[in-house]
Amino acid sequence: MNAFEKPQDQTDGLFYQPQGNEEALFEHAYNHQLPVLIKGPTGCGKTRFIAHMAEKLGRPIYTVSCHDDLTAADLVGRHLIGKDGTFWQDGPLTRAVREGAICYLDEVIEARKDTTVVLHPLADDRRVLPIERTGEYLEAAPGFMLVVSYNPGYQNLLKGMKPSTRQRFVALRFDYPDEASETAIVVKESGIDEARARVLVKLANSLRNLKDHDLEEAASTRLVIYAAKLIKSGVAPLEACRVTMAEPLTDDEATVSALTEVIYAIFGGEEA
């Protein structure tokens, strides 16, 4: 098994707060055997949503975190040498195709261009995976679904998804939840009281307004939950927010100081 591969069975009662009709759209896509592309900022719930839908649909899921060195062989498989000689080992994409699982490629635009080429015959009505090295021509088992995601903020001229690839997918756009939904998520995930969760969400929204001015990325829901968990366990709010919602966003000390001032203003000097 490759280090980046994370096969999972269905999780038990995974919490997910819907933002709209994304669950229904995903189910319709699944029922019609259509691949899905999910785009949205870092930490807005894309990966959680896929895990939730896999659980809801009763499908196992193979998750691959894509990166610059990811090759087509990493996805499809390769010959290895064992004590009895050479043998073939399926990659996560091939396993998902054989087993009728969901294959989720996270941040797919980070992968090398040759990896997206192997996705094309799986992402249209053919639903096949040619494996040149074994001579197989695999038809996807019922239940197989290809899902990819990326953060549009990471796209540039060198790393963008080709139009010929994009047009093979049903595309869902995600964003950070509205204030009430995000507060409910923070309460559920951290166990913190609602009043304090509401203040943390207010802080996150204040920091998000600084994106593209002093920050390259906004404070994610994930970071808000981290802050809530630290506060819940006894860390002072200012310290908890500094280490979870200021330091992770920038290395510039002056900007961290400015963010800390925003945190102080929101919490009003509260220490516990």
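## Helix 10 and its cover

In this predicted model, the cover over the buried residues of helix 10 includes helix 8 (194-208), helix 9 (221-232) and helix 11 (253-267). Helix 10 spans residues 237-246. Of its 10 residues, 7 are buried, so the helix is largely enclosed by the rest of the structure.

Which residues of helix 10 are buried? They are Pro237, Leu238, Ala240, Cys241, Thr244, Met245 and Ala246. These residues cover an arc of only 160° around the axis, which puts them on the same side of helix 10. A general point about helices fits here. An α-helix has 3.6 residues a turn, so residues three or four places apart point the same way.

## Helix 7 against helix 9

Helix 9 is part of the cover over helix 10, and it also packs with helix 7 (residues 179-190). The angle between helix 7 and helix 9 is about 45°. Their axes lie 9 Å apart. The crossing of helix 7 past helix 9 is right-handed.

On the helix 7 side, the contact uses Glu182, Ile185, Val186, Glu189 and Ser190. On the helix 9 side, the partners are Thr221, Val224, Ile225, Ala228, Lys229 and Lys232. By class, this contact has 5 nonpolar, 2 polar and 4 charged residues.

## Helix 1 against helix 2

How far apart are the axes of helix 1 and helix 2? They are 11 Å apart, and the two helices pack at an angle of about 60°. Helix 1 covers residues 22-31, and helix 2 covers residues 46-57. At that angle, helix 1 is oblique to helix 2. Helix 1 passes helix 2 in a right-handed crossing.

Helix 1 contributes Glu22, Glu23, Phe26, Glu27 and Tyr30 to the contact. Helix 2 contributes Phe49, Ile50, His52, Met53, Lys56 and Leu57. The residues of this contact divide into 6 nonpolar, 1 polar and 4 charged.

## Histidine 120

Histidine 120 sits in the loop between helix 5 (113-119) and strand 7 (128-131). Is histidine 120 buried or exposed? Its relative accessible area is 13%. The cut-off for buried is under 20%, so histidine 120 counts as buried.

What does histidine 120 touch, leaving out residues up to four places away in sequence? Its contacts are Arg126, Ser164, Thr165 and Arg168.

Terms used:
Residues numbered from 1 in each chain as written. Predicted model: local features only at pLDDT ≥ 70, side-chain atom pairs only at ≥ 80, totals over all residues. Heavy atoms only, no water. Buried < 20%, exposed > 50% of the residue type's maximum accessible area, 1.4 Å probe, protein only. Helix = DSSP H or I, 4+ residues; strand = E, 2+ residues; numbered from the N terminus. Arc of directions from axis to C-beta. Contact = heavy atoms within 4.5 Å. Axes fitted to C-alpha atoms, helices over the stretch in contact; angles between N-to-C directions. Left-handed = near helix turned anticlockwise from the far one by under 90°. Nonpolar A, V, L, I, M, F, W, Y, C, P; charged D, E, K, R; others polar. Parallel < 35°, antiparallel > 145°, perpendicular 65-115°, else oblique.
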